[in-house]
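Here is a friendly walk through a two-chain model. Keep the viewer open and follow along, heading by heading.

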Amino acid sequence: MTALPANNYRLAGGLSLVVLASFVFAYLQPPLYRAFCEWTGIYDVQKADEFRASSVVGRPVTMEFDANTHGTGLRFTALQTSLATHTGELIQVNFRVENLTNHPVTGQAIPSYGPKHVGNFVKKLDCFCFRQQVFAPGEVRVLPVVFALDRTLPDDVGTVTLSYTFFEVPGGVGSTAPVVNGSATSGSGI
Amino acid sequence: MQASHDAHAAHHDHAHDDHGHHGRAPGLMGWFTTTNHKDIGTMYLWFSFIMFLVGGAMSLVIRGELFAPGLQYVSPEFYNQMLTLHALIMVFGAIMPAFVGFANWMIPMMIGAPDMAFARMNNWSFWLLPPAGTLLVASLFVPGGAAGTGWTLYPPLAVQMGMGMDMAIFAVHILGMSSIMGSINIITTILNMRAPGMPLMRMPMFCWTWLVTAFLLIASMPILAGAVTMLLTDRHFGTSFFNAAGGGDPVLFQHIFWFFGHPEVYIIALPAFGVVSHVIPAFSRKHLFGYTSMVYAIAAIGLISFFVWAHHMYVTGIPLTGQLYFMYATLLIAVPTGVKVFNWVTTMWRGELTFETPMLFALGFLFLFTVGGLTGLVLAITAVDIQLQDTYYVVAHFHYVMVAGALFSAYAGAYYWLPKWTGFMYDEALGKLHFWTSIVFFNVAFFPQHFLGLAGMPRRIPDYATQFADFNVISSIGAFGFGFSQLIFLWVVLKNIKGGETAPAKPWDGATGLEWTLPSPAPYHTFEDAPVIKDEHLAAAH
């Protein structure tokens, strides 16, 4: 053997530092990409996506929010009932849910729109309606939805109503509703 | 064991019993506690072959479903789980451990070292693998099933899936730790433990490929660990690395993943190049042509592999400058790879060739890997790739380099060194049968997939339009033929372990290297005293 074990440990220690540096590098990638793109100017990472809040404001639109439930022990309200906004603007609105029962309730919110055809123009980035929600007995929770109105919203639409209805999920935690075959869909990402 | 080595050499005869230099402990516990590089190499090889059969069975589920259009046997969700696990198991459970197994068995014997540098860590590297493999397979049985994202684990789907995804993430963590420890071990062994008289530039080519591979592993595996850790915290701890609603970006995952993922391609390919660089000279009865250029080519491939990652991402909206850069950089890799292919061909030029099974597999590798490399060049062209992205053309491409490349090379190595491992010659007729069935069925399975991809059949979909039906039938027949052909190899190995014609120390008259100076089978402990190295033992003797 040409080397003493001490050499081996020293080398292994150095290699472990490479491993650590690589792991840290993975986390450094977001700021590095940003810095690289700004420095070279090949790509504007700050460029407003179609739905990012921007200085270029679209046309004014009134949003109305509505909340109701269907056979659940939940009290479901919109914290804001109307909002003057513009197309292309990133909006977050909050809804409040209170479980009035003394057992857990699994619910799924289903959206509907008025007028009916504007659903395709409401671009949601995140929504509590993307997944089932489990509420502990007596729990109060505020649920956000983040969205923007598409700039191609038809000109004859001046007011958009977004309405959510909470349904109890059959077979969910603490369910009292009967299980109907095929109705227990999850994450109907609408 | 290394600490006692100097003292050991001084009074060699007495030391035998004092220092635990007997065989492994009896029974199963012996395999759990062994620190012998040959035992651990054997376990790596068996583990990888078992995982190869498991992953292969999954691919037959996929090909069974694709035998005809429509949904026949499995649900789309299960189909996605099968293709994800097939890929993860084949990449991390079969191909990578197979070459680590070769490294464990052969590197100490090639460089004249008594064992790996960190023998106990070596044991741990291996025994992390079975739990990781178990996690992957067991994730099929949890609610929601296994990860169905494809092996690339792209968000947003990877953030939304059930607990099977968490199991896959943990499995990747464990496999990564195993690879990193194995790599540190291999680098230390190669750099510090070569016998006197073996400078780096005269080292066997397999050691060179593994040295570069191990550096690729320690630099890229932690990146994958970081990526899946981010997935995990996005899933459970409220971070938003990849969640647009929280200010993250799903495309970021692709950048991080492929920054690991492209070096990973060469992590698999380089040791395969190393094995072939031993087999082709042995059966050509010539020295490897262009040793120095081979070493530089390996290093160049390793280096460039870190700078081409976004060629997997041409359709994610990267700027035109980026597309052009990544296209040219990717084409650049063909240069050192071409150097290697030409060197292998030139090694055979005017050689005294014979075609035993290892040579057949090496030639199969050379021919089909070049086909896969060529389709890789096609895919590197941005304008073409935008058309072919996520089609069966891509599937055909990477199976040519992964199966006909890496797997065939592993078979070449296994047949080449089996006599050294077991002390018996394998059944040459069965070996040749294995080769010919493999190469024929491989091409029947995968060649038509080029046509399917060019015609627009997307990958990762359990159903397809009826105009794709005929080629899919051919491909499925080939896949089942290929799958069952691999059982011949199992038969060969089992038969070989039980007995056969006694192997001489050097069964291949053209072979060079220190491993052939040892008797067959190789004794449990070898090169406890550094060997005297003669010119004819070295790969670069001229």
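## Conventions

This is a predicted model, in which local features need pLDDT of at least 70 and side-chain atom pairs count only at pLDDT 80 or more, while totals for chains, interfaces and linings use all residues. Residues are numbered from 1 along each chain as its sequence is written, and chains are lettered from A and ligands numbered from 1 in the order in which they are written.

## Chain A

Chain A holds one helix and nine strands; here helices are DSSP runs of H or I with at least four residues, strands are E runs of at least two, and both are numbered from the N terminus. In sequence order the pattern reads α-β-β-β-β-β-β-β-β-β.

Of the 190 residues in chain A, 19% are buried. A residue is called buried if 20 or more other C-beta atoms lie within 10 Å of its own, exposed if 12 or fewer, and partly exposed in between, with C-beta atoms placed from the backbone. Looking at contacts in chain A between residues at least 6 apart in sequence, 71% link residues at least 24 apart; two residues are in contact if their C-beta atoms, placed from the backbone, lie within 7 Å.

## Chain B

Chain B has 18 helices and zero strands. Its radius of gyration is 23 Å, close to the 24 Å that the globule rule gives for 542 residues, so chain B is as compact as a globular protein of that length. That radius is taken over C-alpha atoms, and the globule rule is 2.2 Å times the number of residues to the power 0.38. Along the principal axes, the C-alpha atoms of chain B fill a box of roughly 70 × 55 × 45 Å.

In chain B, 53% of the 542 residues count as buried. Of the contacts in chain B with a separation of 6 or more, 82% come from residues 24 or more positions apart.

## A helix pair inside chain B

Helix α5 (residues 76-111) of chain B packs against α10(B) at an angle of about 120°, with the axes 10 Å apart. Axes are lines fitted to C-alpha atoms, for helices over the stretch in contact, and angles run from 0 to 180 degrees between N-to-C directions. The two helices are therefore oblique to each other: angles under 35 degrees count as roughly parallel, over 145 as roughly antiparallel, 65 to 115 as roughly perpendicular and the rest as oblique.

The crossing of α5(B) and α10(B) is left-handed, a term used if the near helix is turned anticlockwise from the far one by less than a right angle, with right-handed used if clockwise. On the α5(B) side the contact uses B:Ala103, B:Met106, B:Ile107, B:Met110 and B:Ile111, and on the α10(B) side B:Phe206, B:Cys207 and B:Trp210. By class, these are eight nonpolar, no polar and no charged residues. Ala, Val, Leu, Ile, Met, Phe, Trp, Tyr, Cys and Pro count as nonpolar, Asp, Glu, Lys and Arg as charged, and the others, Gly among them, as polar.

## Where the chains meet

How many residues does each chain bring to the contact? Chain B gives 32 residues and chain A gives 25 residues. On the chain B side, α9, α10 (205-236), α11 and α13 (320-348) each give two or more residues, and the largest share, eight residues, comes from α10(B). That side of chain B divides into 22 nonpolar, nine polar and one charged.

The contact residues include A:Leu11, A:Leu15 and A:Val19 of α1(A) and B:Ile184, B:Ile187 and B:Leu191 of α9(B). This contact has eight nonpolar, five polar and no charged residues. α1(A) passes α9(B) in a right-handed crossing.

## Backbone details

Most residues other than glycine have a negative phi, and most peptide bonds are trans. A cis peptide bond joins B:Pro155 and B:Pro156, with omega about 5°, and another joins B:Ser520 and B:Pro521, with omega about -5°.

Phi is positive, near 55°, at B:Arg285, a partly exposed residue with 14 other C-beta atoms within 10 Å. B:Phe527 has a positive phi near 50° and counts as buried, with 23 C-beta neighbours inside 10 Å.
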